[in-house]
Amino acid sequence: MRKYLILPILAVLLASCDDAQVFEPQTASLNGVHADQPIVVMSRNLYLGADLDALLDPSANLPAALAAALNQVLYTDFAARAKELAQEIHDVQPHLVGLQEVTRYVIFDAGGNPIPFPGFPIDFLLVLQAELAALGDNYSLAWKQDHVSLVFPLDAILGFPSFVSYDDADAILARADVPTWNETGGHFPTQQELAVGGFAFENLRGWAQVDASINGTELRFATTHLEIQMFSDVQEAQASELVDILSDSPLPVVLVGDFNSAANHDAPEESQTGSYKAIRRAGYKDLWLREPHSVGGATCCQLADLSNTTSLLNQRLDIVFVRWGKAGFGGQSQVTLVGNETSDIFTHPFGYTLWPSDHAGIAAWMWPAPGRLASK
């Protein structure tokens with residue numbers, strides 16, 4: 001059997017920019033509300049680093065497809081991208097961050113012992129937290145909800161009994177000054193079944209949530225990553241299940257994530273599903289629509305190898321929803337995208353260019369109306 005070689009790209013760290021500027025949202029002029037004390041949240045899809053669709057093709061040569069995927073993971077080098085992603089968080093200084101595609105890759109031998117292969121193992125969460133710490137930011141893990149976990153044989157690639165594990169999760173980071181409680185998460189009752197190399201598995205999706213106190217306001221913060229548009233029936237069921245899960249919250253709810261349901265009217269038809277409108281019908285306000293120019297806002301997707309030099313974003317999938325009360329969200333808000341401009345493309349130490357992720361991130365500043373600031 002032919003052996004496929006994995007390109008040994010080393011994870012070389014980039015120097016952080018000392019002159020980076022912190023985002024400064026427009027001043028809110030609300031009677032009785034301190035404009036310098038907004039609630040700040042962020043959502044960021046970290047991107048697992050490769051297009052895995054070829055692995056799902058029943059006719060695929062599995063060793064070749066796997067080698068191509070691992071090559072792409074190395075090429076899109078999360079260790080390098082994490083510096084850019086950490087800088088985005090540092091610039092925004094959110095109180096809470098919802099993360100999707102929080103991935104972990106480990107190569108190990110038949111005895112289960114990790115093999116120190118160039119670029120592996122890599123734990124996206126640990127790398128990102130280390131980069132944040134290097135910038136002087138203290139973000140702790142409030143909750144990590146593990147999802148699908150797969151193991152693939154690498155014998156045909158490395159030439160000896162070996163395996164690679166792929167683990168996916170959603171996570172919530174909390175800034176050091178933000179107390180959290182009731183941290184939890186789970187999997188949706190409805191899941192899509194997939195198969196790789198004849199092995200069938202549920203592509204587990206779910207949510208993570210915490211309660212938090214920010215500037216005297218208590219709220220419930222949740223993040224999710226719904227199933228892709230190709231499986232719209234499953235995705236729409238998950239959206240309904242998520243609404244039900246959060247419906248009994250005694251606190252205002254801020255829901256962020258990658259909903260895989262395009263919210264922009266000019267998105268490709270195949271990227272539009274009923275999930276976005278279902279969440280809106282459940283009483284959630286889309287903060288992007290409160291912007292003076294609420295068109296645009298696309299967050300997906302760049303090329304799988306992140307090599308495009310002009311942005312290809314054409315779907316608004318990453319959203320900040322709020323369900324503040326029966327009267328909706330009173331007060332003011334401001335929303336911005338991060339990682340969506342060509343100026344965000346950076347040069348890898350090996351000389352090629354990358355986007356920080358295949359998605360743009362989204363950040364929101366919220367100043368609730370007077371009378372809605374008191375803790376419950």
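Helices (H or I, at least four residues) and strands (E, at least two) are taken as DSSP runs, numbered from the N terminus. The structure is a predicted model, in which local features need pLDDT of at least 70 and side-chain atom pairs count only at pLDDT 80 or more, while totals for chains, interfaces and linings use all residues. Residues are numbered from 1 along each chain as its sequence is written, and side-chain values use heavy atoms, with hydrogens and water left out.

Helix H2 (residues 78–92) packs with helix H3 (residues 124–134) at an angle of about 50°, and their axes are 8 Å apart. Here, axes are lines fitted to C-alpha atoms, for helices over the stretch in contact, and angles run from 0 to 180 degrees between N-to-C directions. H2 and H3 are therefore oblique to each other; angles under 35 degrees count as roughly parallel, over 145 as roughly antiparallel, 65 to 115 as roughly perpendicular and the rest as oblique. The contact (heavy atoms within 4.5 Å) involves Phe78, Ala79, Arg81, Ala82, Lys83, Leu85, Ala86 and Ile89 of H2, together with Phe124, Val127, Leu128, Glu131 and Leu132 of H3.

Leu128 is also in contact with Leu46, Leu99 and Leu173, among others, when neighbours within four places in sequence are left aside.

Pro114 is located in the loop between strand S3 (104–109) and strand S4 (122–123). Pro114 is exposed, with a relative accessible area of 55%; buried means under 20%, exposed over 50% and partly exposed in between (1.4 Å probe, protein chains only). Not counting residues up to four places away in sequence, Pro114 touches Val106, Ile107 and Phe108.
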